[in-house]
Amino acid sequence: MTDSDAATASLRPTDAIVLTGLRVRAHHGVFDFERENGQDFVVDVTAHLDLSPSAASDDLSRTVHYGELAVEVADAVRRDPVDLIETVAERVAAVVLAHEPVHSVEVTVHKPDAPIEVPFGDVAVRILRGRS
């Protein structure tokens with residue numbers, strides 16, 4: 001197995017906790033009006049982890065509490081305005097990976113009110129990160 005194969009295998013999804021459509025008002029963006037007025041960002045998170053220990057024991061302490069995770073993600077999106085949603089996605093990934101059971105995470109940050117001159121359905125960035 002090559003190093004590339006090993007890296008891909010470590011990011012291969014297993015079980016997951018999925019949060020979809022977390023809507024957070026924040027002040028990210030390159031333009032002054034985005035920073036001043038703020039806008040909604042929509043975040044999807046898929047945290048990959050082994051859910052069998054919590055399922056077998058029916059013990060919340062053996063998994064990630066999705067309610068608490070949702071609050072942590074929203075807080076991460078809200079804080080410290082940055083220019084790029086890529087930076088916001090990295091911040092969210094770090095928050096999710098801080099939970100010991102999570103071995104990889106997929107984060108999508110949607111910017112539904114992006115300042116684009118042509119009609120569009122969605123603008124988003126998606127990243128996949130794993131433990132080093």
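Q: Which cut-offs define a buried residue here?
A: Relative accessible area decides it, using a 1.4 Å probe and protein chains only. Exposed is over 50%, partly exposed lies in between, and buried means under 20%.

Q: How many of the nine residues of E3 are buried?
A: This is a predicted model, where local features need pLDDT of at least 70 and side-chain atom pairs count only at pLDDT 80 or more, while totals for chains, interfaces and linings use all residues. Residues are numbered from 1 along each chain, and side-chain values use heavy atoms, without hydrogens and water. Strands (E, at least two residues) and helices (H or I, at least four) are DSSP runs numbered from the N terminus. E3 is mostly covered, and its buried residues number seven.

Q: What is the strand order of the open sheet?
A: Two strands pair if DSSP finds at least two bridges between them. Four strands form this sheet, with antiparallel pairing. Strands E1 (16-26) and E4 (124-130) are the edges, each pairing on one side only. The order is E1-E2-E3-E4.

Q: Which residue in E4 is the bridge partner of serine 104?
A: E3 (residues 102-110) and E4 pair in the antiparallel sense over seven bridges. Histidine 110 stands opposite alanine 124 in E4. For serine 104, the partner is glycine 130.

Q: At about what angle does helix H5 run to E3?
A: Axes are lines fitted to C-alpha atoms, for helices over the stretch in contact (heavy atoms within 4.5 Å). Angles run from 0 to 180 degrees between N-to-C directions. Helix H5 (residues 85-97) lies across E2, E3 and E4, and its angle to E3 is about 150°.
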